[in-house]
Amino acid sequence: MALRFVSFEYYKEILPPAFAYVNEAASQNTGLVTFTAGLMSGLTDAILVVTPTEVCKIRMQSENVEMMDAGVQMKRKYGNVVQTAVTIVKEEGPTALYKGIVPTMLRQGINTAGNFTAFQFCKSKWQEYSGKEELAPWQHMLCGGFSGGVGPTINNPLDVVKTRMQKQVIVHGKPPRYSSIMQALSLIAREEGIAALWKGLTPRLMRLMPGQAITFMTYEFVSKQIQHRKSS
């Protein structure tokens with residue numbers, strides 16, 4: 001989360017001059033700058049942090065489910081995140097930690113771009129409606145909650161594909177069940193129906209919307225404090 005906001009602020013600062021080389025109007029378009037900065041922030045987050053940790057998390061969770069389904073006590077293959085990462089690298093190679101990186105990048109990019117763009121849109125509209133330049137913390141919280149629901153609703157099919165690709169164990173000499181984004185989307189829709197691509201949306205919204213509400217409220221508060229200290 002820290003990387004996401006730091007990189008977003010960085011990209012938001014460097015993008016207007018970059019856009020100005022191509023089109024002066026584009027550099028003044030705050031919506032375009034916000035969306036692009038959010039997209040690049042999400043891609044950065046996916047590459048540096050999210051993909052390896054998601055692979056480890058999914059392996060650990062799937063092992064727990066398999067042990068419960070079997071109803072027997074077995075020695076755990078995956079203990080903690082570090083040990084899980086080391087085991088995956090030893091058995092499948094370091095690239096295995098980046099399984100599903102393309103759908104993860106797309107998911108994180110779309111999600112982060114949607115979050116920041118929706119938040120800024122909601123915030124600006126509320127400012128116009130209220131006639132106030134500054135919103136109260138609870139208003140920022142509601143805007144953050146709204147923004148938290150936009151990204152997951154749009155990118156849930158990519159999240160389903162990402163999870164399926166990261167969960168599968170690659171066996172040398174045997175083709176993987178899910179080999180690409182389009183192949184996985186097509187296979188899941190054909191075998192389980194279109195609705196299967198939105199599996200898990202409700203718990204994602206229940207987790208992300210309150211989290212984003214608190215995050216954006218805190219983000220606005222901290223940003224104001226930093227700006228106040230700089231100006232004083």
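Predicted model: local features only at pLDDT ≥ 70, side-chain atom pairs only at ≥ 80, totals over all residues.
Q: What makes Ile47, Leu48, Val49 and Tyr98 a nonpolar patch on the surface?
A: Patch residues must have over 30% relative accessible area and no salt bridge, with nonpolar side chains joined within 5 Å. Ile47, Leu48, Val49 and Tyr98 form such a patch, and together they have about 330 Å² of accessible area.

Q: Why is Leu48 called exposed?
A: The term requires over 50% relative accessible area. Leu48, found in helix H3 (residues 30–70), has a value of 56% and is therefore exposed.

Q: Why does Lys12 count as partly exposed?
A: Partly exposed residues fall between the buried limit of 20% and the exposed limit of 50%. Lys12 has a relative accessible area of 29%, so the term applies. Glu9 is partly exposed as well, at 29% relative accessibility.

Q: How do you know that Lys224 and Glu134 form a salt bridge?
A: Their closest N and O atoms are 2.9 Å apart, and the rule asks for a distance within 4 Å. The pair links distant parts of the chain, 90 residues apart: Lys224 is in helix H8 (residues 201–231), whereas Glu134 is in the loop between helix H5 (101–130) and helix H6 (137–167). Lys224 is partly exposed at 28%, and Glu134 is partly exposed at 48%.

Q: What makes Asp159 and Arg204 a salt bridge, and what does the pair tie together?
A: The closest N and O atoms of Asp159 and Arg204 are 3.9 Å apart, a value within the 4 Å cut-off. Asp159 lies in helix H6 and Arg204 in helix H8, so the pair ties together parts that are 45 residues apart in sequence.

Q: Why are Asp159 and Arg204 called buried?
A: Buried means under 20% relative accessible area. Asp159 stands at 12% and is therefore buried; Arg204, at 9%, is likewise buried. Salt bridges with shared partners join Asp159 and Arg204 with Glu54, Lys57, Arg107 and Lys162 into one network.

Conventions: Residues numbered from 1 in each chain as written. Heavy atoms only, no water. Patch = residues over 30% accessible without salt bridge, like charges linked within 9 Å, V, L, I, M, F, W, Y side chains within 5 Å. Areas by Shrake-Rupley, 256 points an atom, 1.4 Å probe, with all protein chains shown as cover. Salt bridge = Lys/Arg side-chain N within 4 Å of Asp/Glu carboxyl O. Helix = DSSP H or I, 4+ residues; strand = E, 2+ residues; numbered from the N terminus. Buried < 20%, exposed > 50% of the residue type's maximum accessible area, 1.4 Å probe, protein only.
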